[in-house]
Amino acid sequence: MSDIIRRDPRAEWIARNRLHPLHAEMAAPVAETRGPSGLIRKNPHAVGFIGPNGIKRIDRMGGNSAAVGMRRGAKSAQQVELPLHKVESPDFYVVAVVDMVGGRLTGHDKDVLGQAHKLIRGAEGNGAVMAVVFGEHKEEAFDKAGVDRLLHLTGSEFDGYCPEQKVANLVEIEKQYQPRYWLFPDSINGGNELGCRLAARLGERPATQAWQVDRETSVCRGSGGLQDITRATPRLLLLAEECADQIDETRHEVLAVELDTRPSIINRLQDCGQVAVDPNSVSLAEAEFILSAGNGIRDWEQFHKAAEVLGATEGASRVAVDDGYMPRFRQVGATGTWVTARVYVAVGISGAVQHMQGIGQCDKVVAVNTDAGCDMVKRADLSVIGDSQKVLEQLIELARDYRQGGAENAA
Amino acid sequence: MQPELNIVALVSVGQHPKSGRARRAEQDARAVELGLRLSGEKVQVLHAGDVAEESLRSYAGMGLKQLRVLQQSAGADASLALGDYLSEHQPDIVLTGVRAESGESSGMTPYLLAEKLGWPLVTRIADIAKIENGEAEILQALPRGQRRAIKVRLPFVASVDNAAEAPRQSAYGPGRRAQLEPLPWVEAADEVRASFDEAPARKRPKRLKMVKAKTAAERFKAATAKSQGGGGRIMKDEPPREQAQAIFDLLLEEGVLR
């Protein structure tokens, strides 16, 4: 039943009409009764009814409109539970190796999982979608993304950059499960690299940049995006973004599966860690972490210092740019840059519509603002209401402590 | 810089994204540029295809005396011929682009070569910082403008990303004068590719925002409601220290603090 409140005009009409034969049933229970000694007793608890906002209302119209309120009081707040898609003893597997940028499924990953289900649908036999995840993750919604089986490979060997280690494990999966299809996101976040490495190892000829795939044929972009190549669908596919619809109408089991043998190999590529890049040399459109300033900033020196200490790329709202505090190429929003940051910290930005458009693709938004009712606070995952100057000051201190502590630990 | 360093840069025929005219490929030209900076004119530039191809001259115009071409017809598999040649000559470093601009452009060539030669492969490099004692320090280009340092022993295969230094301008005269040396090579026909059906790229359908509302009220809400996060945490009355700590914890959790 939906929680929309519906009026019953007939019931209301009967409750108003004291001459109606059904009036006694529709009207509220009487609060006045005659006691055994003949005195009139009033029951104060029976007076009134609970209104639509959960507040008790007392009807002064002699109980004539009581029936209306009784119905409204019952609010059914129910969560719609999606049907569970179960695969018992699968006949074959479709393996999707997901990127997990920042430990979560990306939109591209979900497209790939949707494609995996599209390949299973209509095939004879039970097929299950197995997702392969390397290293730790923070994802909680594997079930809603369409993962039937989850192969989670953890261990210190998957820290950092280790494509050779991962490919060796994928080869083991190939031996143990013999998946019908291998699906990879054709992305720069590692999916393309793993897919190509595995294809070269297995001697498969992959379909790359595939954007329309069914069991017989797949259409791929070739010639640097100028040609469409139609070909028979191979076993190993590198899928373009939006290749298939994401799963959104079913839940899935996410049963954990194991890999029997874990190969150990010597990494020929030695990862020496990420190199410090000047965050302000990264273009705003592809920066990962943006500290953005708006009209609420008074102390600009402090803001620049905060960006430097936190290692964030600087952004600005239109007002800050128009007032000359920031250069034009730092402007975020409809007339400026549309950013794709994973974390966007908006300091003193109330959130004009144009600005909200520009941060539409950001993952986590943090707002620091004095106004609790502004649009940015409504959008933000964490909002801090208060003086931005004081908060930034504390933030700089915390970051400094963290840096120094880290240096001591390393030494 | 070691004088005996033997670097091979593999080049393909590029294609202008708008006009479709043959040109030097962006990433391959960057690979040649990197090779030129590492070992000067001694860098060997190798192409598998037709020696009469005009756009090869624009690679030569970057300051090369000669360019080797493994003679092949259009339908042949380049990675097989290149693999044969490289396993015979055993260079120290093989540089390629990430993805070709013409043909299948699957980007598999460096992977297939590395697999065939049994060498490590470093993908999407931005620069080779230094080569000492048979070990190279490489900067790899990551998404979002980040860089990663990688150490690898020679010999290795590397694919050069667009983040590498832009190639120098190609000079017309030297390009004309350079020698294109055709090498007759056994060619293997690419039978899988012969079955491909190629057509000019169709525009991809845009994914529509599906409204799965059951009732009129839900549809109305979906059409009019502002998109909002909703369940954000709001800290109003805490002292600034606690508020800053909450922000800092979120930054740490997301792993954006380095």
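Biologist: At what angle do helix H3 (residues 78-89) of chain B and H4(B) pack?

Modeller: Helices (H or I, at least four residues) and strands (E, at least two) are DSSP runs, numbered from the N terminus, and an axis is a line fitted to C-alpha atoms, for helices over the stretch in contact, with angles running from 0 to 180 degrees between N-to-C directions. The axes of H3(B) and H4(B) lie 10 Å apart, and the angle at which these helices pack is about 40°.

Biologist: Which word describes the way H3(B) lies to H4(B)?

Modeller: Angles under 35 degrees count as roughly parallel, over 145 as roughly antiparallel, 65 to 115 as roughly perpendicular and the rest as oblique. The packing angle of H3(B) and H4(B) is about 40°, and H3(B) is therefore described, relative to H4(B), as oblique.

Biologist: What kind of model is this?

Modeller: Residues are numbered from 1 along each chain as its sequence is written, chains are lettered from A and ligands numbered from 1 in the order in which they are written, and side-chain values use heavy atoms, with hydrogens and water left out. Local features need pLDDT of at least 70 and side-chain atom pairs count only at pLDDT 80 or more, whereas totals for chains, interfaces and linings use all residues, for this is a predicted model.

Biologist: Is the crossing of H7(A) and H4(B) left-handed or right-handed?

Modeller: Helix H7 (residues 191-202) of chain A and helix H4 (residues 109-117) of chain B pack at about 45°, with their axes 9 Å apart, so these two helices are oblique to each other. A crossing is left-handed if the near helix is turned anticlockwise from the far one by less than a right angle, and right-handed if clockwise. By that rule the crossing of H7(A) and H4(B) is right-handed.

Biologist: Which residues of H4(B) do residues in H7(A) meet?

Modeller: Contact means heavy atoms within 4.5 Å. From H7(A) come Asn192(A), Glu193(A), Cys196(A), Arg197(A), Ala200(A) and Arg201(A), and what they meet in H4(B) is Tyr111(B), Leu112(B) and Glu115(B).

Biologist: Which residues of chain B does Gly273(A) touch?

Modeller: Gly273(A) lies in strand E16 of chain A. Buried means under 20% relative accessible area, exposed over 50% and partly exposed in between (1.4 Å probe, protein chains only), so Gly273(A), with 27%, is partly exposed. Not counting residues up to four places away in sequence, Gly273(A) touches Arg148(B) and Ala149(B).

Biologist: Which residue is the bridge partner of Ile125(B) in E8(B)?

Modeller: Strand E7 (residues 121-132) of chain B and strand E8 (residues 135-141) of chain B run antiparallel and are joined by six bridges. In E8(B), the partner of Ile125(B) is Gln140(B).

Biologist: Which residue in E15(A) does Arg149(A) stand opposite?

Modeller: In strand E8 (residues 149-153) of chain A, four of the five residues are buried. Five bridges join E8(A) in the parallel sense to strand E7 (residues 127-134) of chain A, where Met130(A) has Arg149(A) as its bridge partner. E8(A) also pairs in the parallel sense, over three bridges, with strand E15 (residues 255-257) of chain A, and there Arg149(A) stands opposite Leu255(A).

Biologist: What relative accessibility does Phe289(A) have?

Modeller: Phe289(A) is found in strand E17 (residues 289-293) of chain A. Leaving aside neighbours within four places in sequence, the contacts of Phe289(A) reach into both chains, including Val343(A) and Leu251(B). Phe289(A) counts as buried because its relative accessibility is 4%.

Biologist: How far apart are the centres of domain 1 and domain 2 of chain A?

Modeller: Chain A is assigned domain 1 (9-73), domain 2 (90-257) and domain 3 (279-410), with bounds that come from an automatic or database domain assignment. Taken over C-alpha atoms, the separation between the centres of domain 1 and domain 2 of chain A is 63 Å.

Key. Pairing = 2+ DSSP bridges.
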